[in-house]
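Take a look first, then read on.

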Amino acid sequence: MTQTPVLVVGGGAAGMMAALAARQAGAQVTLLEPNEKLGRKLYITGKGRCNLTNNTTAEGVLNHVPRNGRFLYSAVTKFPPAAVMEYFEALGVPLKTERGGRVFPCSDKAADVIDALFFALKREKVIIQRGRAKDLVLEEGAVTGVTLEDGSVLSAGAVILATGGVSYPATGSTGDGYRLAQQAGHKVVPPRASLVPLVEEGDTCGKMQGLSLKNVTLTLRSRKKKKVVFQEQGEMLFTHFGISGPLVLSASAHGDWEKELYTAVIDLKPALDEAKLEARILRDIGQAPNKAFHNFLEGLAPRLMIPVLGERAEIPLDLPVNAMTRAQRRRLIETMKHFTIPLAGTRPVKEAIITAGGVKTGEIDPGTMMSKKAAGLFLAGEVIDVDAYTGGFNLQIAWCTGRAAGESAARYVEETKL
């Protein structure tokens, strides 16, 4: 049996921050991680560039958290984005702010963020142990350690669960934290995909596979209630199964995919209203009246979309544009301003950037991140039922909940003299 005052289970973003916070608060810390390397999921965030926070206020963060945002008020107020940025720059990671307040390392390398955390852990003499927690050790309603898969026991004064969700299981996020929390009596909101590509009904998108659209407006509308739940301008991508890209990932977080069916509506020309688009088309027809429709459309739409636009507008691709009827022209404008894609749902949770669901927030003290079910148990990061939209907000949640859990665990150990 090995004894440690604070044991952090999980070496991702929240776990590394929790370990550093506990150590800097004066506790001896062991960080338990099954992977050979720490922070494996961080390597793939922001397309390998690591969008580590958003340059906004604490309130700005909460405005981007669709569920249980108020639970984060204390943690994000104590460790807001400005403090996170200062923290990483002090670790030797120069940062920059890009469109939408997204914060990246100046090097555009996620590895620099991970290395900075790893070397900080080494400097602080945090013990890093390889292994996977199988069970919590509970004594008289308090957590006193974990049993590992090999049967050995790590005894601890406090245990922080920072095991992530179930997205990208290859990085180690296999849902262990949910099972461990349930052993302490916690209820777990079933995990589901968030920030995930969307699957179409039909094969329209497959015909345009690989096509990336920029500066389009994507609207997500529920079919039953006819209600718009998301609308934003940006970039997206057609795939063999449906749609993906930054706009789509953001849209996915707004849908209740288990209860509702949705339609994606793309405005290919958001800078032009219908009257201006029609004027543009008439002008172009006047300049080249004998052009075939498919050649004419190259000035208005990406080449891969042209056959689909022709089919939807019911215009033969070889039709001379001066032979287009007014009704055909209206259908073309309608198709370009309201290109609809009925959606069947999301891709599997294992393909999601983030997991919605997790340990119920009502069972966790929001100030300390300590369990209300078992003394000495703390939770941080994606294992908790709280998630945000894209833009660095989910990593901000990991940093601030990890810091709160680490500091609180160190204080708990000191107060209980364990």
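Q: What lines the second largest pocket, and which residues lie nearest its centre?
A: The lining has 19 residues, with Arg-99, Arg-102, Glu-232, Ser-250 and Thr-390 nearest the centre. A pocket here is an open set of points on a 1 Å grid where a 1.4 Å probe fits, with protein on both sides within 12 Å along at least five of seven lines, and lining residues have an atom within 4 Å of a point. This is a predicted model, where local features need pLDDT of at least 70 and side-chain atom pairs count only at pLDDT 80 or more, while totals for chains, interfaces and linings use all residues. Residues are numbered from 1 along each chain as its sequence is written, and side-chain values use heavy atoms, leaving out hydrogens and water.

Q: Which elements give two or more residues to that lining?
A: Strand E13 (228-238) and helix H7 (246-252) do, and E13 brings the largest share, six residues. Helices (H or I, at least four residues) and strands (E, at least two) are DSSP runs, numbered from the N terminus.

Q: How does the lining of the second largest pocket split by class?
A: Five nonpolar, ten polar and four charged. Ala, Val, Leu, Ile, Met, Phe, Trp, Tyr, Cys and Pro count as nonpolar, Asp, Glu, Lys and Arg as charged, and the others, Gly among them, as polar.

Q: Why are H4 and H12 called roughly perpendicular?
A: Helix H4 (residues 81-90) and H12 pack at about 85 degrees, axes 11 Å apart. Roughly perpendicular covers 65 to 115 degrees; under 35 is roughly parallel, over 145 roughly antiparallel and the rest oblique. So H4 and H12 count as roughly perpendicular. Their contact (heavy atoms within 4.5 Å) involves Pro-81, Val-84, Tyr-87 and Phe-88 of H4 and Gln-396, Trp-399 and Arg-403 of H12.

Q: What makes H8 and H11 oblique?
A: The axes of helix H8 (residues 274-287) and helix H11 (residues 326-337) come within 10 Å and cross at roughly 125 degrees. Axes are lines fitted to C-alpha atoms, for helices over the stretch in contact, and angles run from 0 to 180 degrees between N-to-C directions. That angle therefore makes H8 and H11 oblique.

Q: Which hand does the crossing of H8 and H11 have?
A: Right-handed, a word used if the near helix is turned clockwise from the far one by less than a right angle. H1 also passes H12 in a right-handed crossing.
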